[in-house]
Amino acid sequence: NLMLGVVAGLLLGVGAAWIAEMLDSVFHSADELKDKTGIPLLGVIPFNKAIKKLTAAPITTNLLQPENFKLQVSYQEKLHHYITSPFLEAFRSLYTNIRLLGSDMAIRSLVISSATPAEGKTIVALHLAQAAAAMGQRVLLVDADLRRPQVHTRLGLSNMRGLSNLISSEDLDWNSVIQQVPGEENLFVMTAGSIPPDPTRLLSSEKMQNIMGQLRSSFNLVIYDTPPLVGFADANLLATPTDGLVLVVGLGKTDRYPLMQALDGLKMSSTSILGVVANGVKSYTTRANDAYDRYYSQVGSESKLDKETVTKIG
């Protein structure tokens, strides 16, 4: 009876684990996402709970400060106030990986989208644009989500005129609807403008294609923030004339079925998929923060030793 009980317990445990795995339809790790989709993993963005809060301040003055900011202050003064954290460095690595994709021909324009809402595509678009601008590129971020625009709210910019007004008006020039982000020399934004009754019609127009061509030739990088893929044709329409699409996947949020449905739709439209971004990785946050603590502690120690050495020599 004891042996039967042990065997039955093992079988029940294995069965329960198998059922739980079958019922769990979301991605929990970047490796799992890469294996299931077969698409290159361009970046891993750490989870940051403070990023959910909408702010009405420029991104340059409201960047999420790293938790160990005090530790880095003295060293940052020597680096001309270079601000760093695992969260921000993840976007610098993401842009570097995107640049490496265009070894033969530089990537000049791309679309940021996700399979479903609330996966962090706008946050990824914002910080990717800032990372590219900080690395010397002249960047334009276009809010092409004409259904639920968020870029102007995140950056605290005016949305009186934007992309929709530019497409529908014959008098506006694209220079007149572009705003420079305060404090950023190389970062420019075109907000969404008035929400039109039929966004798909505007985005599929010939004028929109002409505008995209003009923007591509005037900036080093143009990033389009678009609505989700499932249920809307906007991202597919805009991705075709660009160098490709970056797909943001929120770990612990994205259901596998909508993601696979979105990937099938992209394949049917012959849209070039540059890669996926795993967003909100909690395990990565802990490891990255530990690494940053150790690195900057070591840098601080070395700087102190150098100072003491100079004092003794003097």
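This is a predicted model: local features need pLDDT of at least 70, side-chain atom pairs count only at pLDDT 80 or more; totals for chains, interfaces and linings use all residues.
In strand E7, Leu 247 is the bridge partner of Ser 113. Residues are numbered from 1 along each chain as its sequence is written, and side-chain values use heavy atoms, with hydrogens and water left out.

Let us stay with strand E2, residues 109–114. Helices (H or I, at least four residues) and strands (E, at least two) are DSSP runs, numbered from the N terminus. Two strands pair if DSSP finds at least two bridges between them. The pairings of E2 are these:

| Partner of E2 | Sense | Bridges | Example pair |
|---|---|---|---|
| E6 (residues 221–225) | parallel | four bridges | Ser 109 with Val 222 |
| E7 | parallel | four bridges | Ser 113 with Leu 247 |

Six of the six residues of E2 are buried, so the strand is largely enclosed by the rest of the structure. Buried here means under 20% relative accessible area, exposed over 50%, and partly exposed in between (1.4 Å probe, protein chains only). One side of E2 carries Ser 109, Val 111 and Ser 113, while the other carries Leu 110, Ile 112 and Ser 114.

Next comes helix H2 (residues 30–37), in which Ala 30, Glu 32, Leu 33 and Thr 37 are buried. Seen down the axis of H2, these buried residues fall within an arc of 160 degrees (taken from the directions from the helix axis to the C-beta atoms), so they line one face of the helix. Asp 31 and Asp 35, on the other side of H2, are exposed. The cover over the buried residues includes strand E1 (41–46), strand E7 (245–250), helix H11 (256–268) and strand E8 (273–281). After H2 comes Gly 38, with a positive phi near 70 degrees.

Now for the cores, each a set of buried Ala, Val, Leu, Ile, Met, Phe, Trp, Tyr and Cys residues joined through side-chain atoms within 4.5 Å. The largest nonpolar core has 43 residues, and Leu 140, Leu 163, Met 190, Leu 215 and Tyr 224 have the most contacts inside it. Apart from it lies another core of 35 residues, among them Ala 125, Val 139, Val 151 and Val 246.

Finally, a word on confidence: pLDDT is the predictor's confidence in each residue, from 0 to 100. The chain has a mean pLDDT of 80, with 75% of its residues at 70 or more.

Note on methods: Contact means heavy atoms within 4.5 Å.
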